[in-house]
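Subject: Handover of the structure, with notes

Dear colleague,

I am passing this structure on to you, and you will find the sequence and the coordinates just below. My notes follow after them, and they are meant to be read with the structure open.

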Amino acid sequence: MPILSLLIFLPLLATALILALPTRYKSSYKYIALIFTAIQFVLAGICYANFDSAQTGIQDLAGYQFVEQLPWIRLDLGAIGKLEIDYLIGIDGISMPLLLLSALVMLMAIGASWKIQKSPKGYFALLMVLNMAVMGIFCALDFFLFYLFYEVMLLPLYFLIGIWGGARREYAAIKFFLYTLFGSVFMLLIIVGLYFSVINPLTGAHTFNMIYMMNPENYLGESIFAWDGYQEILGISARLVGFIVLFFAFAIKVPIVPLHTWLPDAHVEAPTPVSIILAGILLKIGGYGIIRICYSIFPDMAALSNWWLGLIGVVSIIYGALNALSQKDLKRMIAYSSVSHMGFVLLGIASMTAEGISGAMFQMISHGFLSAALFFLVGVLYDRVHDRNIYSFRGLAQIMPKYTGYVAVAFFASLGLPGFSAFIGEAFVIIGSFNATSIGTGLPRWMAIAGSIGILLSAAYLLWTLQRMFFGQIRLKGGESWGTALTDLSVREQLILFPTLALALLLGIMPDLVFSNLNASVLNLVSIIQQFI
Amino acid sequence: MDQIAHISPILTALLTVSAPLLAFLYQVVRGKRDQSGIISLIAITISFVCGGLTWLSIWNKPTISIQLAWFTIGKSTFTVGLLLNNLSTLMLLLVPTVALPVHIYSRAYMSGDRGVHRYWMYLSLFCFAMLGLVIMDSLLLMYIFWELVGFASYLLIGFWFTRAAAAQANKKAFLVNRIGDLGFLIGLAIIFAQFKTLSLVDLFGEGGLIYQCVLINGQWVSPVNSMDQIWLTLAGLAFFLAAMAKSAQFPLHVWLPDAMEGPTSVSSLIHAATMVAAGVFLLATVFPLFNDSALLFIAIIGTITAASAAYFALGQYDIKRILAFSTISQLGFMMVGIGIGTWDAALFHLTTHAFFKCLLFLSAGAVIHEMVHLKEHSRLDFDPQDLRNMGGLKKYMPKTFILMSLASLALAGFPLTSGYLSKDSIVISSFEWALSKGGLYFIIPICLIMVSILTAFYIGRLLFKAFFGEFRLLGQLQEGLQNHPLHEAPKTMLIPMFFLGLCCLFPVFSPNPLSYHDSWLMDGLLLDEYTFAPSHLAHLVIPLLLLSGSIIGWIIGWKWYVHHKYPLDPDSGIQKTAFHQGYINEFYERLFVNGTLKLAQFCYWFDRHVVDALVALVRFIVLTVSQWSVWIDKYIVDGFVNTVASAAYWAGNQVRLVQNGKLQTALYSVFLLVLLGLIYLIFF
Amino acid sequence: MITLTHFLVVSACIFCIGLYTVLSKKNAIMILVGIELMINAAILNFVAFGKYDKISYGGQIFGLFAIVLAAAAVAVGLAIVLNVYRHYQTINPDEINELKDK
């Protein structure tokens with residue numbers, strides 16, 4: 001069974017179905033979306049269950065699982081050579097957890113879209129297209145295919161923010177679109193460069209196959225990205241330029257300081273489900289891209305520039321946390337906290353230790369559903385009174401005890417309370433980056449220590465919010481009418497939140513559920529990079 | 001048979017830890033339906049019994065440990081395991097022994113509260129976390145329980161969350177504890193980097209990795225790795241930072257007085273007997289890691305803490321705050337015990353202190369309980385915790401008075417009490433330690449002696465003000481209430497207090513009331529060697545000095561507070577400073593809290609006006625360039641095309657004039673053409 | 001001695017006068033006169049160049065021929081002028097511009 005193809009293209013079927021159904025049946029759209037996403041989730045679960053954790057992946061196609069390879073585009077371009085684009089998909093330890101996470105977050109997003117009134121047809125159709133693109137990104141092993149999915153993803157997001165968003169939605173949508181496009185356009189240049197540098201050893205044709213790109217032997221001696229590094233662009237080694245450009249393309253997605261300003265705007269203006277997808281999946285694509293592409297194709301340059309990567313990570317952690325501390329808008333605060341938490345991912349990746357990279361992966365997964373839960377919780381409040389200002393609420397614990405319980409658990413989970421998944425992620429990023437000096441990756445120990453300050457700050461802003469909004473005597477900006485509007489969580493909302501937070505707890509107690517699948521791939525990646533340190 | 005003997009302590013230890021967890025989970029599920037707390041009580045009783053069994057089978061017998069693989073990252077496998085040795089089983093016994101009376105007491109103290117189901121839930125969670133902390137074999141797991149303890153205390157401090165002060169206090173407690181947690185995490189990272197394992201058995205066990213380390217050429221070399229020597233000191237300091245926050249050491253002690261916003265029963269359990277002890281326990285566990293400079297630092301901080309907290313205690317009027325500062329002060333003593341290398345003495349003091357401090361809090365709780373009732377009945381508005389509203393209580397609550405006095409004597413280190421033994425062990429050891437070092441090191445024992453006398457004085461002040469003299473509110477009360485404004489505490493509260501009172505006496509710990517060396521506890525933890533020689537003189541002089549100092553203090557206190565011959569000005573700077581806790585809170589508020597907030601605001605300003613402005617600038621530049629190119633397109637590129645077109649148009653228009661239908665014009669042009677033709681033929 | 005050049009000069013003068021008349025006069029009759037002058041200038045040239053054909057006198061014969069043709073052309077021209085006059089009530093060529101496309 002071509003399980004990955006099914007996973008990717010099922011949503012397209014859903015899109016077709018939704019578009020084909022006349023508007024009379026518009027109440028059925030969400031059920032179609034839900035059913036298809038649920039099937040996807042089951043499929044992803046099957047992938048997880050059948051995953052062989054001993055396989056290494058990364059630069060070895062044999063180490064990938066559920067591989068599907070079909071020749072897709074074959075063109076003889078005469079003097080330039082033959083064009084060779086494959087439909088090549090497969091997963092290894094790096095992509096598998098993210099695939100499952102995406103399916104879960106999508107399910108949450110559909111659940112959060114239950115009350116969408118504004119043209120549900122377009123909404124759910126776009127959501128399903130987005131779903132397809134996301135799944136495709138995590139599975140694609142052909143750079144061309146990857147890029148295709150990567151760009152396809154932008155389109156539905158642009159419309160989802162631009163049409164279903166808040167007051168300044170157009171501004172936010174364009175800002176988001178341009179930022180991401182800016183990164184990916186330059187990425188295209190590098191892709192072409194790589195294409196002309198790499199040769200499929202079997203056919204002798206140039207190829208977009210990422211696996212071949214990871215093997216130094218497949219590079220042409222005179223080509224632009226040849227491993228000897230004597231090719232230069234603007235006086236800098238061409239490979240370094242390639243690495244930097246690809247890194248920034250993905251780093252915009254992560255996002256790093258100072259390329260993060262699209263994130264608060266996009267999050268604040270986007271409707272709740274899109275915020276969930278943005279925080280839960282999109283940011284992870286950045287981290288995934290850095291590991292899968294930047295580090296695997298340019299391990300030599302990764303080893304060269306990890307000091308800067310670590311610095312960017314640390315700056316993101318602290319700067320994002322400080323920004324979150326001064327927010328008055330709850331959603332914006334959580335958006336900035338995402339910047340801070342994703343900084344850990346970068347720091348962990350930069351450490352180049354197995355602990356650090358595993359910690360970064362774990363942090364991505366944990367942040368994936370925790371931030372989704374946080375945005376969902378903000379959405380709950382916004383649905384009821386259309387206000388997100390922290391200062392408009394006080395003493396909510398007495399009106400909405402269940403809600404407060406969930407918020408408290410989500411807050412403590414994301415501030416890294418042990419027992420929850422975020423702790424494992426952050427602790428091992430810190431431990432890994434601290435350990436980095438011992439294996440000589442050039443990441444100084446003070447970065448680990450500075451990163452840990454982010455943990456303190458995240459406790460500060462989350463607890464401050466908790467105290468300000470939920471504790472104390474009841475005082476609401478909207479007075480009596482708000483008191484009645486602020487009903488406690490509904491069954492549907494609890495149905496979405498409970499599994500998420502339970503998962504956070506489960507992964508916090510049994511991190512092996514993720515680590516065991518990661519290990520082989522991460523060790524392989526580390527050993528690849530180790531050669532260049 | 002042999003196997004069973006090995007397994008059973010582990011089973012009992014597991015049961016000890018898991019009983020409160022199960023109670024917690026059960027109560028989470030049950031929610032509001034279960035208000036009685038009977039489940040928690042049963043759980044802690046099981047813990048008490050199992051903890052006792054574990055202790056019996058482990059004490060003074062070989063260490064038992066068990067490890068199971070938990071998860072693997074890269075090549076390192078992290079284990080989950082139990083470590084049962086004298087130290088951990090002592091704590092495993094101590095925690096439920098203190099917690100059980102508190103549970104019983106809480107049944108009466110907390111009854112009728114609206115959120116009491118949460119209270120029992122949190123209390124069970126706390127007991128689970130604390131018990132887990134003491135028997136875990138891995139530093140990582142210890143860290144997990146360490147933070148869980150902090151989390152449970154966050155919940156308990158903020159139990160009355162509708163009070164703004166409680167909500168502030170629990171946030172403060174958690175954040176200050178977080179600072180310590182960072183220390184722990186960094187310590188953890190250093191240990192992991194150096195040894196590639198976090199298992200306590202591997203690290204600190206018999207012949208563990210930590211003993212195989214050597215210092216060569218300024219390098220700290222372990223069998224696995226080596227790093228600069230400074231990291232050894234830093235590792236020690238990092239763990240001490242963790243202990244500083246949790247055990248409320250200066251300057252991170254600020255959370256503990258505020259934590260008194262929680263119910264008194266919570267204060268007695270968490271903020272006196274167990275949670276704050278976790279720091280001392282941690283330091284005792286990782287003790288072999290400390291080098292001389294780290295130890296000296298610990299001793300100095302401990303001394304400063306002991307002295308400053310005793311000073312602040314003198315200026316307080318809130319009965320719970322006085323006790324809170326006395327806790328901090330006693331924790332300072334324990335830290336000095338660690339710092340001078342006698343962590344057995346520190347643990348001894350920790351154990352005795354747990355009982356008498358718990359009793360002090362429970363007695364104070366009984367008083368507050370009655371004062372609150374009085375407040376409700378009389379409809380007067382007064383602070384039920386303020387000493388200035390009390391006085392003469394021994395007439396109404398004689399049993400509470402006797403128990404509290406007993407605990408106070410133990411705190412003051414009066415002979416025949418447990419406090420005498422343990423406090424002397426620290427003070428005398430510190431004196432011997434100073435003797436071996438000489439010079440400035442004597443400051444520490446001298447400070448400790450003075451602080452001990454101060455301790456006797458401030459606890460005496462509390463007793464005199466609260467229990468002696470006349471009840472100060474008597475005049476304001478209605479007729480009916482004047483005869484019996486307050487009552488003795490109910491039996492459910494008195495019985496646990498009585499039990500704790502028993503534990504404050506010397507026979508529980510040592511057959512010899514005057515020498516701590518005979519204590520079974522010190523025997524069990526006995527260190528192989530002290531770094532200093534014992535001094536017989538100290539054993540004689542110091543107890544006498546302390547005793548006479550305390551008695552003089554009490555006589556002065558009696559005169560001042562009972563006979564109202566207070567000679568000092570209560571508005572003087574020294575007293576005000578003590579009342580305001582040395583203005584440390586204000587200082588932190590200004591410097592750190594406001595500083596961080598200012599920084600955060602600046603960052604946000606920076607984000608809006610610099611980072612985002614850069615984006616806006618790029619946008620502006622792109623727009624300007626595009627406007628230019630529009631202009632160029634319109635006037636230059638397009639202009640050229642238009643010029644060509646209009647030139648052709650113009651030329652056509654000109655030629656068109658010829659075709660005006662007039663014969664002669666036609667002829668004229670024919671002529672001209674012919675002429676041009678001729679000219680061409682002739683000249684070219 | 002009157003050379004060929006004298007003839008040619010006279011002929012050119014007559015032609016130019018004729019041309020000028022044709023181009024500038026505002027009377028159709030005068031234009032006809034101008035045309036006649038130009039034809040006569042051409043005939044003069046024929047006759048003058050006839051000296052090179054002393055055997056068949058081609059020049060003179062062609063001159064005669066042209067005179068006859070010119071007389072016929074003048075007759076036709078006058079007839080057109082008369083018709084134009086009848087139609088437009090003028091023989092000023094400036095006012096007759098129907099050749100122009102509308």
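Two residues are taken to be in contact if their C-beta atoms, placed from the backbone, lie within 7 Å. By that definition, residues 24 or more positions apart account for 80% of the contacts in chain B with a separation of 6 or more.

Before going further, please keep in mind that this is a predicted model, in which local features need pLDDT of at least 70 and side-chain atom pairs count only at pLDDT 80 or more, while totals for chains, interfaces and linings use all residues. Residues are numbered from 1 along each chain as its sequence is written, and chains are lettered from A and ligands numbered from 1 in the order in which they are written.

Chain B

The secondary structure of chain B comes to 24 helices and five strands, where helices (H or I, at least four residues) and strands (E, at least two) are DSSP runs numbered from the N terminus. The radius of gyration of chain B, taken over C-alpha atoms, is 38 Å, well over the 26 Å that the globule rule (2.2 Å times the number of residues to the power 0.38) gives for 684 residues, so chain B is more spread out than a compact globule. Along the principal axes, the C-alpha trace of chain B spans about 150 × 75 × 60 Å.

Of the 684 residues of chain B, 51% count as buried; a residue is buried if 20 or more other C-beta atoms lie within 10 Å of its own, exposed if 12 or fewer, and partly exposed in between, with C-beta atoms again placed from the backbone. Helix α3(B) is mostly covered, as 24 of its 24 residues are buried.

B:I270, B:H271, B:A272 and B:A273 in α10(B) meet B:M275, B:V276 and B:A277 in α11(B).

Chain A

Chain A has 20 helices and four strands. The radius of gyration of chain A is 23 Å, close to the 24 Å that the globule rule gives for 533 residues, so chain A is as compact as a globular protein of that length. Buried residues make up 61% of the 533 residues in chain A.

One buried residue is A:T15, which has 24 C-beta neighbours inside 10 Å and lies in helix α1 (residues 3-20) of chain A. Leaving aside residues up to four places away in sequence, A:T15 touches A:A125, A:M128 and A:V129.

The loop between α8 (238-253) and α9 (262-269) of chain A holds A:P255 and also A:P258. The peptide bond from A:V254 to A:P255 is cis, with omega near -10°, and a cis peptide bond joins A:V257 and A:P258, with omega about 5°.

How the chains meet

Among the two pairs of chains that touch, the most contacts are between chains A and B. This contact takes 45 residues from chain A and 42 residues from chain B. The largest share of the side of chain A that touches chain B, 10 residues, comes from α17(A). The residues on that side of chain A divide into 28 nonpolar, 15 polar and two charged, where Ala, Val, Leu, Ile, Met, Phe, Trp, Tyr, Cys and Pro count as nonpolar, Asp, Glu, Lys and Arg as charged, and the others, Gly among them, as polar.

The contact between chains C and B takes nine residues from chain C and nine residues from chain B. Chain A and chain C do not touch, and their nearest C-alpha atoms are 58 Å apart.

With best wishes
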